[in-house]
Amino acid sequence: MLAALAAALVHAAPAVAAPERYRLDPEHLSIGFLVGHIGYADVLGKFLRAEGDFVLDEKARTVSDIKVTIDAASVFSNHEARDDHVRKADFLDVARFPTITFVSTGATATGPDTGTIDGDLTIRGVTRPVTLDVTLNKTGPYPFGDNYVAGVSARTTIRRSDFGMTYAVENGWVGDEVQVIIELEAIRERS
């Protein structure tokens, strides 16, 4: 019996960390954007409500199965009349399209903690491929409570006209290019 146990231990595979699912922490999530305003300055806005999750294999430094849903009506740019306009048909048309979604289609590492994530972004019912430049900032036990957290920064640029938002593009009052800025913390789900 001891010989059989010894043989089993010698041939046992080493323990490997498994991929884990993480959910976005709404209290530590910023989905922002910058868009030109008549050439004078960029308007900085954000979406106040979103949810989502992804699978992270921390050891292999791979990510997959990313799904994010943004409440389009939660747009906020610190100007009530502008935000009301952005919710209307000229822009997000939230009455017909209440959510913005992102679903990943692939990911590529570019460094130990950097990479790109490809996915399908849907705004106003129009889906287009986008690529996010991503940095995995930190993973580890959170200093408050007993959660394990991943921190991520991501950036991309989209053209709003690609999603049917052509209002004020031609005259240059509102820029066509929109810089997207994402800062997030995600909590590892407990098994």
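Close-up 1. Phenylalanine 144 is exposed, because its relative accessible area of 61% is over 50%. The model shown here and in the other views is predicted. Tyrosine 142 counts as partly exposed, at 23% relative accessibility. The ring centres of tyrosine 142 and phenylalanine 144 are 5.9 Å apart and the planes stand at 70 degrees, so the pair is edge-to-face.

**Close-up 2. The pair of phenylalanine 33 and phenylalanine 47.** The structure has four aromatic pairs. In one of them, phenylalanine 33 and phenylalanine 47 have ring centres 5.7 Å apart and planes at 50 degrees, so this pair is tilted. Phenylalanine 33 belongs to strand 1 (residues 20-37) and phenylalanine 47 to strand 2 (residues 41-47), and the pair links parts of the chain 14 residues apart. Phenylalanine 33 counts as buried, with 15% relative accessibility, and phenylalanine 47 is likewise buried, at 11%.

**Close-up 3. Arginine 188 over tyrosine 148.** Arginine 188 lies over the face of tyrosine 148, at 3.9 Å from the ring centre.

**Close-up 4. The second largest pocket.** The space in the second largest pocket is about 210 Å³. Its lining comprises 15 residues, and those nearest the pocket centre are Lys138, Tyr142, Val149, Gly151 and Glu185. At least two lining residues come from each of strand 8 (126-141), strand 9 (148-159) and strand 10 (174-188). Seven residues of the lining are nonpolar, five are polar and three are charged.

**Close-up 5. Salt bridges of arginine 21.** There are ten salt bridges in the structure. Aspartate 53 and arginine 21 form one of them, with an N to O distance of 3.5 Å. This pair connects strand 3 (residues 50-57), which holds aspartate 53, with strand 1, which holds arginine 21, across 32 residues. Arginine 21 is partly exposed, with a relative accessible area of 26%. Arginine 21 also bridges to aspartate 65, where the closest N and O atoms are 2.4 Å apart. Aspartate 65 lies in strand 4 (residues 62-71), 44 residues from arginine 21, and counts as partly exposed at 30% relative accessibility.

**Close-up 6. The salt bridge between arginine 155 and glutamate 183.** The side chains of these two residues meet at 2.8 Å, N to O. Arginine 155 is in strand 9 and glutamate 183 in strand 10, so the bridge ties together parts 28 residues apart in sequence. Arginine 155 is partly exposed at 36% relative accessibility; glutamate 183 is also partly exposed, with a relative accessible area of 30%.

**Close-up 7. A salt-bridge network.** Through shared partners, salt bridges join Arg21, Asp53, Asp65 and Lys67 into one network.

Key:
Residues are numbered from 1 along each chain as its sequence is written. This is a predicted model: local features need pLDDT of at least 70, side-chain atom pairs count only at pLDDT 80 or more; totals for chains, interfaces and linings use all residues. Side-chain values use heavy atoms; hydrogens and water are left out. Rings of Phe, Tyr and Trp (its six-membered ring) pair if their centres lie within 6.5 Å; planes under 30 degrees apart count as stacked, over 60 as edge-to-face and the rest as tilted. Helices (H or I, at least four residues) and strands (E, at least two) are DSSP runs, numbered from the N terminus. Buried means under 20% relative accessible area, exposed over 50%, partly exposed in between (1.4 Å probe, protein chains only). A charge sits over a ring if NZ of Lys or CZ of Arg is within 6 Å of the ring centre and within 35 degrees of the ring normal. On a 1 Å grid over the protein atoms alone, a cavity is a set of points where a 1.4 Å probe fits but cannot get out, and a pocket is an open set with protein on both sides within 12 Å along at least five of seven lines; lining residues have an atom within 4 Å of a point. Grid points are joined across faces, edges and corners, and a volume is the space filled by probe spheres set on the points. Ala, Val, Leu, Ile, Met, Phe, Trp, Tyr, Cys and Pro count as nonpolar, Asp, Glu, Lys and Arg as charged, and the others, Gly among them, as polar. A salt bridge is a side-chain nitrogen of Lys or Arg within 4 Å of a carboxyl oxygen of Asp or Glu.
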